[in-house]
Amino acid sequence: MTLEAIDLTFGYSARPVGEHVDLTIEEGSFTVVVGPNACGKSTLLRALSRLLKPSAGQVLLDGKAIQSMGSKQVARRLGLLPQTALAPEGITVADLVGRGRHPYQSALRQWSRADEEACREALEVTGTTDLADRLVEELSGGQRQRVWIAMVLAQQTGLLLLDEPTTFLDIAHQIELMELLTRLNREGRTIVAVLHDLNQAARYGTRIVAMRDGAILAEGAPHEVVTAEIVERVFDLKCRVIDDPVSGAPLVLPLGSIDSTTSMSPDAAP
Amino acid sequence: MTVVLAVVATTAAVIGLGVGEIRISAVDVVRTLVGETSPTLETVVTQWRLPRVLLAVMFGAALGLAGAIFQSLTRNPLGSPDVIGFDAGAYTGAVTTIILAGSTSLVIPGALVGGIVTALLVYLLAYRSGVHGFRLIVVGIAVTAMLGSLNSYLVLKAPVEVAQMAAVWGAGSLNGLEWFEVRWGALSIAVALLVVVGAGRQLAALDLGDDAAAALGVRVERSRLALLLGGTALTATVTALAGPIAFVALAAPQVARRLTRSAGVRMVPSAAMGACLLIVADLIGQHAFPAVVPVGLVTVVVGGLYLVWLLVRQARKEIHS
């Protein structure tokens with residue numbers, strides 16, 4: 001399951017957000033897209049998932065132009081959890097997860113055993129089986145986010161796109177969610193996530209895509225992308241990058257200007 | 001739940017067929033319906049009362065369904081066709097034709113055109129790369145207010161007898177409707193249903209938000225347009241034939257949702273609830289008062305109380321959250 005953007009220009013009515021973007025999401029990777037606010041990360045995700053029609057260039061899903069594929073055909077291969085997803089009032093967890101089966105249903109093909117099985121599995125993998133009969137609005141933020149992931153998993157796609165899945169979660173639930181995604185990735189799913197936290201991106205991602213102003217400035221393994229020089233170019237933030245003593249991944253330490261024991265320039269450090 | 005509502009509606013229908021100046025027992029009503037009866041009963045039940053009962057059920061269901069569609073699309077219990085301007089627009093169309101023609105002969109096309117033009121206007125004014133629920137409601141309420149003043153102006157300037165005709169039509173009533181209206185109403189509602197049922201399955205996904213729905217393989221704008229058209233046609237049919245019957249579309253989906261404890265508003269229970277509400281309201285209008293009261297007045301009174309309750313509840317919720 002590969003996803004490729006070729007010379008992609010995308011955006012909203014006349015005003016392009018990104019121009020001539022090339023990107024390959026490798027099969028089996030956990031790609032994390034990072035970048036400052038309004039750099040076009042979410043818009044890129046929408047263009048990659050066919051929600052936004054590109055004004056030039058194309059997106060290939062398994063080598064086929066995604067715009068030429070049927071919308072349900074795409075939805076059976078590529079799942080997307082947007083930031084804007086809403087749970088209708090009074091919906092139960094099981095009902096919400098079941099809606100992930102929409103691409104498999106039609107007027108002639110209603111709820112089937114395969115749907116049942118897919119939902120059971122999605123609940124189990126995300127550890128939400130016990131919540132199945134609860135109302136979504138009664139859940140904690142962390143539980144709710146796992147339920148949404150279960151909804152996308154019920155779609156049974158090899159490719160998962162997630163737009164800032166950890167926003168609004170406390171640190172413990174962020175880590176719990178990142179580990180869930182890592183587990184899903186290791187079980188064979190290709191994952192693309194937009195994240196704000198660089199350190200989580202570096203620790204859990206297998207590839208990092210750094211964006212700024214609608215363009216991809218750097219792309220590669222965490223150690224190649226999360227460097228002091230690239231972080232400054234992408235975020236205008238001076239920092240030091242050390243090896244995370246826990247995971248060995250690069251760890252970004254912003255220098256800032258207040259209470260910093262190191263001087264602004266890393267070269268001048270004692 | 002839908003079964004319970006069907007039973008209630010059927011019971012109300014039998015009562016509606018039996019009660020009146022000539023009282024007929026329930027047994028005789030059923031007998032007449034299956035064809036074992038005297039010519040007198042046949043006339044009273046089948047010719048006089050059956051069309052009205054059928055219309056109440058049909059129109060109630062159509063309004064309940066239209067309400068479910070609009071509330072679902074706008075994700076707001078206030079987003080019903082009567083709140084967002086269709087009734088007011090249909091009334092403008094009706095009054096205009098009554099004034100121009102001096103009679104109610106052109107009221108049906110007039111109301112249809114008025115309702116549909118208003119719907120389009122509200123849709124276009126609220127459109128900004130897709131239609132969003134809240135904007136549709138705010139624009140709809142503004143358009144309703146403007147049309148309301150236009151309607152008052154038209155009625156005030158018109159000759160007394162014309163104003164009277166307009167007022168009678170504007171109350172929304174099943175009085176004087178016959179098999180003619182049943183046939184046309186059924187045909188028009190059937191066409192609208194074809195559109196709605198096709199796109200209706202997408203509502204379960206659309207409820208999750210536009211992007212989530214699109215990611216699940218729904219063609220969002222196309223489905224929404226089909227549902228808007230279907231819902232408008234349902235409302236317009238009822239309004240054209242019976243006049244504006246307010247609040248059924250507003251209340252039925254919400255009451256049905258609470259009774260069925262379902263997630264979001266659903267189409268079938270809403271339609272069943274709408275049918276129940278309208279037929280019961282029409283029974284009340286016909287028999288609870290010394291004179292026959294148009295069903296539109298009954299629904300306005302009942303629905304008005306409901307609307308106040310809904311607004312208070314929503315306002316409280318927003319303060320708390």
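Reply: Start with a pair of strands. β1(A) and β2(A) run antiparallel and are joined by seven bridges. One of the pairs can be picked out by name: A:Y12 has A:R15 in β2(A) as its bridge partner. The two strands form a hairpin, with two residues between them. Look at A:A14 in that turn: its phi is positive, about 75 degrees. Keep in mind that this is a predicted model.

Now go to the other pairing of β1(A). This strand also pairs with β4(A), again antiparallel, over five bridges. Here A:T9 stands opposite A:A56 in β4(A). Strand β4 of chain A covers residues 56-61. It pairs in turn with β5(A), in the antiparallel sense, over two bridges. In that pairing, A:L60 has A:A65 of β5(A) as its bridge partner.

Strands of a sheet pair through backbone hydrogen bonds, and the pairing is either parallel or antiparallel.

Chain A has another open sheet, this one of six strands. The order is β6-β7-β8-β3-β9-β10, and the pairing is mixed. At its edges stand β6 and β10 (215-220) of chain A. Each has a single partner strand, so one side of each is left without a neighbour in the sheet. From one strand to the next, the twist averages 15 degrees.

Strand β7 (residues 159-163) and strand β8 (residues 190-194) of chain A run parallel, joined by five bridges. A:D163 has A:V194 in β8(A) as its bridge partner. Helices pack here too. Helix α6 of chain A, residues 171-186, touches β3 (30-34) and β8 of chain A. Its direction makes about 150 degrees with that of β8(A). Helix α9 of chain A, residues 228-235, touches β9 (207-212) and β10 of chain A. The direction of α9 makes about 160 degrees with that of β10(A).

Step back to the whole chain. Chain A has nine helices and 12 strands. Its C-alpha atoms fill a box of roughly 70 × 45 × 30 Å along the principal axes. How does the radius of gyration compare with that of a compact globule? For 270 residues such a globule would have a radius near 18 Å, and chain A has 20 Å, which agrees.

Next, the contact with chain B. It takes 24 residues from chain A and 18 residues from chain B. On the chain A side, α2 (71-75) and β6 (78-81) each supply at least two residues. α2(A) gives the most, with four residues. By class, this side of chain A has 12 nonpolar, eight polar and four charged residues. Note that β6 of chain A is also an edge strand of the six-stranded sheet.

Finally, look at helices in chain B. Two packed helices are described by the angle between their axes and the distance between the axes. Helix α4 (residues 86-101) and helix α7 (residues 160-171) of chain B pack at about 150 degrees, with axes 10 Å apart. That angle makes α4(B) roughly antiparallel to α7(B), because angles over 145 degrees count as such. The crossing of these two is right-handed. Among the residues making the contact are B:Y91 and B:I98 of α4(B) and B:M165 and B:W169 of α7(B). The contact residues divide into nine nonpolar, one polar and no charged.

Another pair in chain B is α12 (residues 248-260) with α13 (residues 267-287). Their axes come within 8 Å and cross at roughly 120 degrees. That makes α12(B) oblique to α13(B). This crossing is right-handed. The contact includes B:V255 of α12(B) and B:L277 of α13(B). By class, it has 10 nonpolar, three polar and no charged residues.

Note on methods
Residues are numbered from 1 along each chain as its sequence is written. Chains are lettered from A and ligands numbered from 1 in the order in which they are written. This is a predicted model: local features need pLDDT of at least 70, side-chain atom pairs count only at pLDDT 80 or more; totals for chains, interfaces and linings use all residues. Two residues are in contact if their C-beta atoms, placed from the backbone, lie within 7 Å. Ala, Val, Leu, Ile, Met, Phe, Trp, Tyr, Cys and Pro count as nonpolar, Asp, Glu, Lys and Arg as charged, and the others, Gly among them, as polar. Axes are lines fitted to C-alpha atoms, for helices over the stretch in contact, and angles run from 0 to 180 degrees between N-to-C directions. Angles under 35 degrees count as roughly parallel, over 145 as roughly antiparallel, 65 to 115 as roughly perpendicular and the rest as oblique. A crossing is left-handed if the near helix is turned anticlockwise from the far one by less than a right angle, and right-handed if clockwise. Two strands pair if DSSP finds at least two bridges between them. The radius of gyration is taken over C-alpha atoms; the globule rule is 2.2 Å times the number of residues to the power 0.38.
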